[in-house]
Amino acid sequence: MKVAGTAVTNTLRAHRFANGEMTQQQLADKVGLTRQTIIAIEQGRYAPSLEAAFRIARVFGVGLEAVFQFSA
Amino acid sequence: MSFRARSAAITTAAIAVIFAVYFAWSLARTRSTADSLVEFVVAIIVLTVVITAFEIVVAIVHRRRRGERLADERDSLISARSARNGYFTLLAGIWMTPILALTGAPGLIIANFTLGMIVLAEIVNFGSRVVYDARGA
């Protein structure tokens, strides 16, 4: 099945592993999203809201652009 | 597949199968609008029972996955876009109904056509949720 991509790419997976191999469920719990949404973000199938993106970056202790990049 | 996508897939399949049987039965055998109404009520009861039973099974299967049954921003977006698709389908049906009436079609056919468009709109609504969940919203 063709995946509808987004212009927003991310390094979520790398940051999860750099932070004690944090699981998708743990990240989801910390930022108030479902695990399915974290999976969709990692696979580039969903671009999170600005608020969710900031919450994710805050969990990793980095700036927004360290996690999310605009590639269009 | 997520809890919500699985739930939507079951609802889509249940609506499609049960109303396919209803329409096949109603259009082939029913002689009056009253008969069709009884068959419609039976279809609704069967649909409610089937969906409730499958929802219980899906909820049991997903009981260990914490928080998955709560909606987040992506679920809300998928829900809104799917409802929009269903709305456009329903709107097309609403516009076609008076045109069908003007052709002199019997009341039973018009009633079933209208019902069919409502059912189609629901299939589009729940089917869209499954597609958006898999492909991205």
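# Reading a predicted model, feature by feature

Tutor: Let's begin with A:Glu51, which counts as exposed at 56% relative accessibility. Keep in mind that this is a predicted model.

Student: How do I read a label like that for A:Arg55: is A:Arg55 buried, partly exposed or exposed?

Tutor: Compare the percentage with two cut-offs: under 20% is buried, over 50% is exposed, and anything in between is partly exposed. A:Arg55 has 30% relative accessibility, so it counts as partly exposed.

Student: What do the side chains of A:Glu51 and A:Arg55 meet in?

Tutor: Start with the general idea: side chains of opposite charge can pair when their charged atoms come close. Here, A:Glu51 and A:Arg55 form a salt bridge, at 3.6 Å from N to O. Both residues belong to helix H4 of chain A and sit four residues apart, about one turn of the helix.

Student: Which parts of chain B does the pair B:Asp75 and B:Arg4 link?

Tutor: The side chains of B:Asp75 and B:Arg4 meet in a salt bridge of 3.7 Å, N to O. That pair links distant parts of the chain, with B:Asp75 in helix H3 (residues 73-102) and B:Arg4 in helix H1 (residues 3-29) of chain B, 71 residues apart. B:Asp75 counts as buried at 12% relative accessibility, while B:Arg4 is partly exposed at 33%.

Student: Where do B:Asp133 and B:Arg74 lie?

Tutor: First, their side chains also meet in a salt bridge, at 3.6 Å from N to O. B:Asp133 lies in helix H4 (residues 107-135) of chain B and B:Arg74 in helix H3 of chain B, so this pair ties together parts 59 residues apart in sequence. B:Asp133 is buried, with a relative accessible area of 11%, and B:Arg74 is buried too, with 1%. Back in chain A, salt bridges that share partners join A:Arg13, A:Arg16 and A:Glu42 into one network. Over all chains the count comes to five salt bridges.

Student: Now the fold. How many helices and strands does the secondary structure of chain A come to?

Tutor: Chain A has five helices and two strands, and from the N terminus on they run β-α-α-α-α-α-β. The radius of gyration of chain A is 11 Å, close to the 11 Å that the globule rule gives for 72 residues, so chain A is as compact as a globular protein of that length. Of its 72 residues, 42% count as buried.

Student: Which residues touch the most other members of the largest nonpolar core?

Tutor: In soluble globular proteins, nonpolar side chains tend to be buried together. In this model the largest nonpolar core has 17 residues, and A:Leu12 and A:Ile56 touch the most other members. Helices H2 (24-31), H3 (35-42) and H4 (50-60) of chain A each give two or more residues to this core. H4(A) supplies the largest share, five residues. A second, separate core has 13 residues, including B:Leu47 and B:Leu115.

Student: Which residues form a nonpolar patch on the surface?

Tutor: B:Leu37, B:Val41, B:Ile45 and B:Val49 do, with about 370 Å² of accessible area together. Take B:Val49: its place is in helix H2 (residues 33-61) of chain B, and B:Val49 is exposed, with a relative accessible area of 55%.

Note on methods. Residues are numbered from 1 along each chain as its sequence is written. Chains are lettered from A and ligands numbered from 1 in the order in which they are written. This is a predicted model: local features need pLDDT of at least 70, side-chain atom pairs count only at pLDDT 80 or more; totals for chains, interfaces and linings use all residues. Side-chain values use heavy atoms; hydrogens and water are left out. Patches are made of residues with over 30% relative accessible area and no salt bridge: like charges are joined within 9 Å, nonpolar side chains (Val, Leu, Ile, Met, Phe, Trp, Tyr) within 5 Å. Accessible areas come from the Shrake-Rupley method with a 1.4 Å probe; for residues, only the protein chains shown count as cover. A salt bridge is a side-chain nitrogen of Lys or Arg within 4 Å of a carboxyl oxygen of Asp or Glu. Buried means under 20% relative accessible area, exposed over 50%, partly exposed in between (1.4 Å probe, protein chains only). The radius of gyration is taken over C-alpha atoms; the globule rule is 2.2 Å times the number of residues to the power 0.38. A nonpolar core is a set of buried Ala, Val, Leu, Ile, Met, Phe, Trp, Tyr and Cys residues joined through side-chain atoms within 4.5 Å.
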